[in-house]
Amino acid sequence: SWTHELTEVSNTSQLLIPYVTSDNVGKYTCANYVCGYIVGNETIQINVSDPVVRLTQLFNSPYSVNITWPSHPRAVSYTLEYQRAGSVSWEVLQSARDLNFIEELQRDVNYTFRVTYNLQTTDGKQENQSITSDPIQLDYVPVITRITPLTSTQVLIHWEWEGDVTDLISFVIRYEQRNEIRNVTILTSQLGTTSNMFTTVLSDLRTNSDYSFVIYGVTSGQDAWNTPYSLTEYLTTLPAELVTSPADLRVTYLPSNNSISVLYSLLNVTEEFGEILGYKIILYTTDSPYNSTVYT
């Protein structure tokens, strides 16, 4: 038979605990009986780590988070509360599952999260257990804001990084089409530090294909796949044929005022592509496509 802290919990040689909680902490002793006498026993100790509230920032949504916590087999519901540092009040959310979604948090602010388990006891009574997180602050997240097809095989990637760019050694853009995965590393030393908005051109993509783009911010000593910074994902489909660029593009250098003149013919587009609302000229140097300028 088995006892838990001297209380019998099983009269057989087998003890099954389907879900270990803090109620199960302690010493368990299995006694072997022969003709009503104990001829041997074995004792084990069960310890349970404190449950932890976890925060996960979401794809392409740097101010939204998923909050998760360990579930409990006797929980009928959960109450999630969170408090901004310096505030005396708590925001309260009810949840039927071991997770919840919170939007519009703020950067550079500490938040404390508290989860209350609303439990049903064996005799039908209600009891509560709570866990509270340490103060948590959102990470800075590189965010892909827009992807512009330039041709049927080229795209212009726009992204933002609200932190100090000198905190990173590079950005890595990982793009995938079916089972084909490519990575492009862009050193922050090539980007400059006067802006938190960046662009780069990706070429040699497949025409008429769906691509998934993911961006990582990489710190010294980390590779992109283990970076502590969250990542963002952006999906786009390249056009089946070149429909976004005018023909007869002519660029003329004007030495009198150190400028250029760009002339192009207007597109004659069929109705299936919709109405042309405007044109954009994207200027970048061929040896460093990471700093481009967009003229609308």
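Which residues touch the most other members of the largest nonpolar core? Of the 20 residues in that core, these are Ile157, Trp159, Phe171, Ile173, Tyr175, Leu202 and Phe213.

## Basis of the model

The structure is a predicted model, in which local features need pLDDT of at least 70 and side-chain atom pairs count only at pLDDT 80 or more, while totals for chains, interfaces and linings use all residues. Residues are numbered from 1 along each chain as its sequence is written, and side-chain values use heavy atoms, with hydrogens and water left out.

## Overall architecture

The secondary structure of the protein consists of 0 helices and 23 strands. Both kinds of element are DSSP runs numbered from the N terminus: helices are H or I with at least four residues, and strands are E with at least two. Of the 296 residues, 33% count as buried. Buried denotes under 20% relative accessible area, exposed over 50%, and partly exposed the range in between (1.4 Å probe, protein chains only).

The accessible surface of the protein is about 18300 Å², and carbon and sulfur atoms hold 48% of this area. Accessible areas follow the Shrake-Rupley method with a 1.4 Å probe; for residues, only the protein chains shown count as cover. Among the contacts with a separation of 6 or more, 53% are between residues 24 or more positions apart; a contact means heavy atoms within 4.5 Å.

## Nonpolar cores

A nonpolar core is a set of buried Ala, Val, Leu, Ile, Met, Phe, Trp, Tyr and Cys residues joined through side-chain atoms within 4.5 Å. In the largest core of this protein, which has 20 residues, two or more members come from each of strands E13 (143-149), E14 (155-160), E15 (170-177), E16 (180-187), E17 (197-202) and E18 (210-218). A second, separate core has 17 residues, including Val65, Leu80, Leu105 and Tyr111.

Leu202, one of the residues with the most contacts to other members of the largest core, is in contact with Thr153, Gln154, Val155, Ile157, Ile173, Tyr175, Val184 and Phe213, leaving aside neighbours within four places in sequence. Thr153 is placed in the loop between E13 and E14 and is partly exposed, with a relative accessible area of 28%. The C-alpha atoms of Thr153 and Ser203 are separated by 6.0 Å, although the two residues are 50 residues apart along the chain.

Thr79 lies in strand E7 (residues 75-84) and is buried, at 12% relative accessibility. The side chain of Thr79 makes polar contacts with the side chains of Gln94, at 3.0 Å, and Asn118, at 3.3 Å. A polar contact is a pair of N or O atoms within 3.5 Å; within protein, one must be able to donate a hydrogen and the other to accept it, and residues adjacent in sequence count only if both atoms are side-chain atoms. Beyond neighbours within four places in sequence, Thr79 is in contact with Val92, Leu93, Gln94, Arg114, Val115, Thr116 and Asn118. Thr116, in strand E10, is buried at 11% relative accessibility. A polar contact of 3.0 Å joins its side chain to that of Ser130.

The whole structure contains 1 salt bridge, a term that requires a side-chain nitrogen of Lys or Arg within 4 Å of a carboxyl oxygen of Asp or Glu. The side chains of Arg114 and Glu81 form a salt bridge with an N to O distance of 3.0 Å. This pair links distant parts of the chain, with Arg114 in strand E10 (residues 110-120) and Glu81 in strand E7, 33 residues apart. Arg114 is partly exposed at 24% relative accessibility, whereas Glu81 is buried at 13%.

## Surface patch and backbone geometry

Leu249, Val251, Tyr253, Ile260, Tyr264, Leu266, Leu283 and Tyr295 form a nonpolar patch on the surface, with about 840 Å² of accessible area together. Patches are made of residues with over 30% relative accessible area and no salt bridge; like charges are joined within 9 Å, and nonpolar side chains (Val, Leu, Ile, Met, Phe, Trp, Tyr) within 5 Å. Leu249 is located in the loop between strands E19 (232-237) and E20 (250-254) and is exposed, with a relative accessible area of 57%.

Most residues other than glycine have a negative phi. Glu5 has a positive phi of about 50°, and phi of Leu6 is near 75°. Glu5 is partly exposed at 45% relative accessibility, whereas Leu6 is exposed at 82%.
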